[in-house]
Amino acid sequence: MPLVSPVGHELILGGQRSGKSRRAEQLAEQWLKGAAGRKAAFVATAQARDDEMRHRIERHQEQRRARLPGMRTIEEPLALDRVIRRYSRPERLLVIDCLTLWLANQLARHEDVVPRKGHGVAENFCQSEAMTSLLTAIEQSRGPLVFVSNEIGLGVVPVGAGVRAYVDALGWLNQQVAARCQRACLMVAGQPLWLKRETQPAVPQTSFPTERPYEAIPTLVETLLGTSSAASHPVLPSVAAALSGLSDSMVGTGGQPPAAFGNDSAAQRDRRSDEEGTDGTGPGTVWFVGAGPGDPDLLTVKGRDLIAQAGAILFAGSLVSEAATRWAPPGCEIADSKGMTLEEICHWLASRALRHRTVIRLQTGDPSLYGALIEMVQPLDDAGVPVKVVPGVSSAFAAAAAGVESLTLPEVTQTVILTRVAGRTPMPEGEDLVSLARHRSTLCIFLSITLLSSIQRDLRAAGWPEDAPILVVHKASWPGEEKIVRTTLADVKEACRQAKIVSQAMIIASPTIGARQWSTLTKSRLYDASFTHRFRRASEERLVDMAVGKLNPRSETRVPEDQTKTTLSDEASDDNLQ
């Protein structure tokens with residue numbers, strides 16, 4: 001039986017014993033043999049509700065193990081959207097068998113598909129969270145998907161209302177999935193009848209007078225725009241000139257793609273999220289997106305939405321987990337910058353901006369902190385490439401959250417200093433740790449875990465006691481990798497050695513560390529009943545008590561009658577909220 005290369009998604013429909021599952025397995029077998037490093041997984045939605053179904057499942061499992069011993073099986077009767085988001089990768093094919101049983105499981109479980117007044121089961125299911133989550137996951141899938149489903153709507157209209165509702169709902173589900181697949185076929189007697197068979201248009205081969213085709217870009221720009229138009233264009237000449245100077249390591253030689261970035265043809269394919277490309281008047285926008293401290297779920301909603309529509313993503317693999325790119329659409333070009341120089345990073349971003357409306361530079365934490373942001377933005381400005389920034393959660397705040405600590409406390413410190421210790425990068429005059437530490441405020445020390453001896457020396461020189469509390473967090477928020485060390489100035493180096501923390505750590509030295517265990521704590525006046533601000537008036541009873549000296553405004557405790565009466569001395573204003 002002739003097969004189609006499984007690039008993109010395919011929906012396989014058919015009746016019972018029509019050959020649906022067999023075709024799906026053949027596609028998986030073809031995928032695995034197509035290139036080294038490919039993987040495949042079978043996602044089973046069936047539940048063994050009786051002995052016959054249990055035997056059927058076991059038989060299918062044995063047959064798959066015999067034909068495809070390297071194919072993993074994932075049992076998931078309900079949460080297909082989560083499976084797709086977790087396991088879909090450019091190198092992994094997912095075979096989902098089948099949507100028919102998934103729908104039955106959903107209708108049996110979820111109350112949100114129970115018919116409402118004026119709505120049937122099918123209409124209600126199409127508006128359910130289960131349906132929309134699955135369709136969104138398909139659209140955002142990073143790798144190819146093969147769906148198996150039954151076509152049960154070819155006969156007469158069923159008599160029973162429940163059966164009619166199920167047939168309608170499955171028909172709607174099949175339509176929605178087919179609309180998001182490049183191919184759809186109906187299996188009859190083991191043969192595919194093609195309902196939809198999109199093919200990728202062949203990319204015409206252009207003959208270049210050199211093995212390094214990027215060198216010909218300035219000539220191509222003049223050919224396309226004309227000499228005078230090309231010279232006066234505000235963007236393309238400078239970008240083309242920059243691209244013509246790319247190294248072999250970035251563009252490849254002899255017509256072969258660069259090893260670091262994979263095949264550029266994948267990035268040139270049409271995709272729903274980036275289908276318009278650039279508008280012809282200039283390059284797309286490069287977004288510098290803060291990936292946060294490590295946990296992909298700490299990406300901002302805006303950052304995640306941009307990833308979902310990106311045409312190309314360059315992530316800092318030494319500090320950012322690749323899992324942060326899991327929302328990227330199929331065909332999105334994804335590259336790791338950890339082996340690249342600053343010039344190569346800027347060239348990569350500029351060249352992709354010529355092809356895509358949305359290009360993302362995914363950076364650790366927040367791009368404005370120790371992220372070389374301006375060093376990358378200036379060359380893009382010179383090339384006429386638009387730049388925007390999406391902030392991210394800094395590891396300083398993730399570390400404080402991991403330890404359930406507050407970086408500021410009333411009457412302890414109201415100042416947070418974000419800094420680092422001088423290493424290969426010197427510190428400007430007046431910003432040495434000794435000078436900063438003399439303020440006795442909170443110090444969040446970045447990029448300095450290998451310089452703990454220097455930190456101890458400088459804090460001691462600034463007058464910090466040996467028992468000063470210090471919090472060290474390694475890979476704050478990284479799932480399964482986070483380490484938290486609570487220690488003191490005297491013991492911080494040995495404590496980190498025992499915990500084997502040698503990289504990617506935030507050091508917080510602050511008089512607020514450990515306040516959760518303090519027996520006395522000065523409270524913020526914002527929430528005091530005696531404090532007036534524009535959203536709340538003070539309690540009259542408490543104001544009277546304070547006026548006659550019966551209530552201490554800071555501790556909220558009664559004052560003995562023989563002590564001097566006190567009054568609330570500071571004005572209640574919008575600016576005085578602490």
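Reader: How does strand 1 pair with strand 5, and over how many bridges?

Author: Strand 1 and strand 5 (residues 145-150) run in the parallel sense, with five bridges between them. Strands here are DSSP runs of E, at least two residues long, and helices are runs of H or I, at least four long, both numbered from the N terminus. Two strands pair if DSSP finds at least two bridges between them. This is a predicted model, where local features need pLDDT of at least 70 and side-chain atom pairs count only at pLDDT 80 or more, while totals for chains, interfaces and linings use all residues. Residues are numbered from 1 along each chain as its sequence is written, and side-chain values use heavy atoms, leaving out hydrogens and water.

Reader: Which residue stands opposite L11?

Author: That's F147, in strand 5. Strand 1 also pairs with strand 6 (residues 183-188), again parallel over five bridges, and there G14 stands opposite M187.

Reader: Is strand 1 buried or exposed?

Author: Five of the five residues in strand 1 (residues 10-14) are buried, so the rest of the structure largely encloses it. Buried means under 20% relative accessible area, exposed over 50%, and partly exposed in between (1.4 Å probe, protein chains only).

Reader: Which residues sit on each side?

Author: E10, I12 and G14 are on one face, L11 and L13 on the other, and all are buried. In a regular strand, side chains alternate between the two faces of the sheet.

Reader: What about the largest nonpolar core, which residues touch the most other members?

Author: L11, F147, L173 and V177, out of 31 residues in that core. A nonpolar core is a set of buried Ala, Val, Leu, Ile, Met, Phe, Trp, Tyr and Cys residues joined through side-chain atoms within 4.5 Å. A second, separate core has 26 residues, including V472, L489, I507 and A509.

Reader: Switching topic, how long is helix 14?

Author: Helix 14 (residues 342-353) has twelve residues and reaches 17 Å from first C-alpha to last, close to the 16 Å expected at 1.5 Å a residue. The expected span is 1.5 Å times one less than the number of residues.

Reader: And how many of its residues are buried?

Author: Nine of the twelve in helix 14, so this helix is largely enclosed too. Among them are W348, L349 and R352.

Reader: What does the secondary structure of the chain come to?

Author: 20 helices and 17 strands. Of the chain's 578 residues, 45% count as buried.
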